[in-house]
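Here are my notes on this one, as numbered points. Have the structure open while you read.

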Amino acid sequence: MSSMATQLAQAGQALAESVNEKQICARGLVTRQLNQTIFAWVREQRGGAARVVVSNLTGQRYLGTNLAGYPVRLDLYGTPGNDLGAFLDGPTLWVHGNAQDGVGNTMNAGRIVVEGSAGDVAALSARGGELFIWGNVGYRACLHMKEYQGQRPLVVVGGTAQDFFGEYMAGGVAVLLGLGTGPGSGPGSEPTVDSGGASSQGGAAGAGPLIHRIPYLATGMHGGVIYLRGEWDPSVLSTQVEAEPVASLRAEPALAEAVGQFTEVFSVRLNAVQRDLLERGPYWRIRPRGKRPYARLYA
Amino acid sequence: MGQARTHIEAQAVFGPLKPYLEPEFLVERDPDRCIQCGVCISQCSFGVHWFDVRRSQVRAEQERCVGCHRCAVFCPTGALTIRRNPSEYRPNANWRPEFVADLKRQAETGGVVLTGMGNDKPFRVYWDHLLLNASQVTNPSIDPLREPMELRTFLGARPDQVNPSASTSALADGATSHPVEGLPAAMVSVEDLPPALQLETPIMFSAMSYGAISFQAQLALFEAAQACGTYANTGEGGWPRPLRRFHDHVIVQVASGRFGVDADYLNEAAMVEIKIGQGAKPGIGGHLPGEKVKAPIARTRMIPEGTDALSPAPHHDIYSIEDLALLIYALKEATHYEKPVAVKVAAVHNVAAIASGIARAGADVIAIDGVRGGTGAAPKIIRDNVGIPIELALAAVDRRLREEKIRNRVSLVVAGGFRSSADVIKAIALGADAVYIGTAAFVAMGCTLCQKCYTGKCAWGITAADPALARRLNPDLAAERLINLVHAWSAEIKEMLGGMGINALESLRGNRDHLRAVGLEQWEMDVLGVKGAGQ
């Protein structure tokens, strides 16, 4: 957790009773009007912990983008639009539903929770902050994620991802839990994982039942770490990266921390089967073989 | 990669292959003038000069010479002459020496040939084929020494109409810019005018990253921009904390690597520029090798020390004009709609249609970088073969935006090898609002176009990665040279304007009647929208 987010969380707890709250109905407001309305109210709170409940969202974009440095939590109902939390720097965004493309684009600090699934390029170039997605995430998620000094972005996805997950990844922690939480699969319906068990997503003939089908996974990755739980196809990996099984959660503090936080965030929704899967694994760790995959290119 | 590994394995067995190349330059030392002082030894960053203890004499290993002339300039007795090596292969119009040399280097190393600065090939420079008008008899020319001349330039979107009486609140809900339409409203109130940059001269310093250039060079550029009432661009390598004090004169870049981009970076700058492309390397990404990512550069780019700093070829959140609009408005939201947002592209074949898309995506400024634009490092094959000249791109874009009646919605900034004030004023007449200069600024600071920027060994301290070399550039003195350059060019622009009988640069913008072509073919004149001389 970044120091800023920690401070905010602590501030939020300390001021639990005194948090100012505002309800905003987004119906009929275009993006700029909505964000200006939120910003104007948040600024009036003079840096005090605040909570804004936004209802009836219909694709309004950039929620949280103009709230850098404010210890505010937005509870979002309906469907927020693209670039939710782009350049996010501090606030907490809680989406009670699905999110679109670009969640946490170039995020610096803060926390985003999506109770459904998220679209493409989530956490693109994120340098810090946290993103928890209950369901699945689309193409090119965690692409070129970085880390810097104390900042280490954390992305935990309850389900799985589409192609190019973690491409060019240069830092941070990205986790795919493979719990079958995405659309079309009821919570806990997915795998009875023993010996590669039956996946609700099925598998190509002879390929075995896979939870994660991610062509170009971690292509060009040169920093950070990706964890996968459940069956996947290691042949999608390039020679730049290596995958190893993780012995246990205890043996892998970064993973244990990520799983622990996901469990805490979604404590109400996780059922016993899913908790068991999280406990048992199997987990895999994907890391770059070297920091310099692009050395020796030039004459 | 397989090839490179084979080469590395081969090196382990055979050692490095012998270079089959002769020196590019000859270092001639006049024995009558040389006093064996050794200044050349300390000045050369490429290790050419050395002291031979046995002969008690300074000697030169001239195969290392890159022709930067640092030693010749600093030799106290003028004993050194640097000449191109006259040694020649059998003449061959097809297999010219440059091809042969590059080919041999590639056979030796198995790598991509890198270079620095702009395209040095003899493509037609259209500025040299355009001539300016002057007043004679029928209207008076103006003497800028006696009369005020206006070079002030504003960069930003202009609404279709301004309603001086209405206030913002009187405008209908949703009338302001909307990310889906991506267009400014037709009618805005005075208080709702889009943000703009104010330049006292139409010359800005183009994007050059800390890392590609030294801290001292960036400091000099920022100082000069402030002193001249204009702007300098950080490039995509972040914005060093100690240089944030120039914020009123700094344009920040958001490129595909998003290095150093955070809320402070965006909000402290005067303008935010999305870098899509660069004239020296259209269509490809960038790569600052890990060995150059030392602590201060890592801190500025906000990445760990020693990792390769990769700028992917595309922005992976931009695969369409709609996606570009998404990022433009993300940046406007992040900066509370207080900063203009520019989009920089390389001049390529369909640049007019691309520019139209960018304007419709909601950009306030479009920057276009032509095929002669410079770089700190690019594959030579790309630099020399990809893109189109800025003159043609500018004329095509300006015309297209006028035809589509959206020229007012964006300002045009052009870049790519502006060598003199005449190039600048001709660009204004072809429709540019302002220009970016990079190479010219470098030359002002001492650069001799040796094209070795990518080595980090710049003997003039401009693109030096080594702190000891970078300290050779005194930022205050370099800034003074830059300020002098901008003042000189501005004075010349005023002279030329006055000669045309114009007292404000704004009156020349897009005014092609003040240009005539010589030595161009009809299609070129058609693209440029200029008549032939005498017509």
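1. Domain bounds here come from an automatic or database domain assignment. For chain B that gives domain 1 (25-112), domain 2 (162-192) and domain 3 (197-487). The centres of domain 1 of chain B and domain 3 of chain B, over C-alpha atoms, lie 32 Å apart.

2. Before going on: this is a predicted model, where local features need pLDDT of at least 70 and side-chain atom pairs count only at pLDDT 80 or more, while totals for chains, interfaces and linings use all residues. Residues are numbered from 1 along each chain as its sequence is written, chains are lettered from A in the order in which they are written, and side-chain values use heavy atoms, with hydrogens and water left out.

3. Back to the two domains. About 1100 Å² is buried between domain 1 and domain 3 of chain B, 58% of it from carbon and sulfur atoms (buried area being the accessible area, 1.4 Å probe, that two parts lose on being put together, summed over both). On the domain 1 side, Ser45(B), Phe46(B) and Arg70(B) lose the most, together 43% of what that side buries.

4. The rule finds 2 salt bridges across this domain interface (a side-chain nitrogen of Lys or Arg within 4 Å of a carboxyl oxygen of Asp or Glu). Asp102(B) pairs with Lys380(B) in a salt bridge, with closest N and O atoms 2.7 Å apart.

5. Now the chains: 42 residues of chain A contact 52 of chain B (heavy atoms within 4.5 Å). The buried area is about 4200 Å², with 60% from carbon and sulfur atoms, yet the rule finds 0 salt bridges there.
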